[in-house]
Amino acid sequence: MAPPAPPILNGHSETVIAQTCQTYNLTPSEFAQLRDRAVAAKATSYSPYSKFRVGAVLLSTGKVNNAAVTGERSSSSSEGTYTPGANVENASYPVTTCAERVAFGRAITEGHRGFKAVAVATDISPAASPCGMCRQFIREFCELSMPILMFDKDENFSVLRLEDLLPLSFGPDQMGIEGAA
Ligand code: THU
């Protein structure tokens, strides 16, 4: 049987945010940054065909020592790094890239590792969750317990761990490598 839909939570309630942060090991400031940056990233969507804007942001706290990394566009502070992305569509529809994969492609090539949370924002309600291809893409770089926050058009949200969105998953460990989590 399919699991029940996750509850829709108030994305601006201090009590709800405090509870969410405790469960998923985030600070209220990180939650607010994830919410605001995912919503802001929607504005950078290139979606003339579907008109369906998706914004994503990744919070990471690690970095690989990669001397070739130049021209970084993520914002880092002592707290961590926020890497944004948005969906980029194409006249040849299947060539479209989702917001989550745009953000991960940017983060990984900038050297960011140690992802603490992913946030996705859309203009619908209830909130959209990452597509199957994106779930697998995320699996390559993140712990199964990492939270994925999904914001709706009113900035309310649902949250699930990667392992809930992608049970019994296939990842780098099955290929005998440690992976980039
Ligand atoms: N989209 C995303 O960016 N992320 C998802 O996880 C689901 C779908 C985009 C792809 C396309 O540009 C639009 O949403 C409609 O499918």
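Why does the chain's radius of gyration agree with that of a compact globule? I started there: for 181 residues the compact-globule value would be near 16 Å, and the chain has 16 Å, so the two agree. I took the radius over C-alpha atoms, with the globule rule being 2.2 Å times the number of residues to the power 0.38.

A note on ground rules: this is a predicted model, where local features need pLDDT of at least 70, side-chain atom pairs count only at pLDDT 80 or more, and totals for chains, interfaces and linings use all residues. Residues are numbered from 1 along each chain as its sequence is written, and side-chain values use heavy atoms, leaving out hydrogens and water.

Next I looked at the fold. I found 5 helices and 6 strands in the chain (DSSP runs: H or I of at least four residues for helices, E of at least two for strands). From the N terminus their order is α-α-β-β-β-α-β-α-β-β-α.

Then I turned to the ligand. Its shell (residues with a heavy atom within 4 Å) includes Ser50, Phe52, Asn87, Glu89, Ala99 and Glu100. By class, the shell holds 6 nonpolar, 3 polar and 2 charged residues.

I checked polar contacts, meaning pairs of N or O atoms within 3.5 Å. A side-chain N or O atom of Glu89 is 2.5 Å from a ligand oxygen. For Glu100, a polar side-chain atom lies 2.8 Å from an oxygen of the ligand. Ala99 uses a backbone N or O atom, 2.9 Å from a ligand oxygen. The protein covers 76% of the 370 Å² of accessible area that the ligand has on its own (Shrake-Rupley, 1.4 Å probe).

Definitions and conventions. Polar contact = N/O pair within 3.5 Å; in protein donor to acceptor, adjacent residues only side chain to side chain. Nonpolar A, V, L, I, M, F, W, Y, C, P; charged D, E, K, R; others polar.
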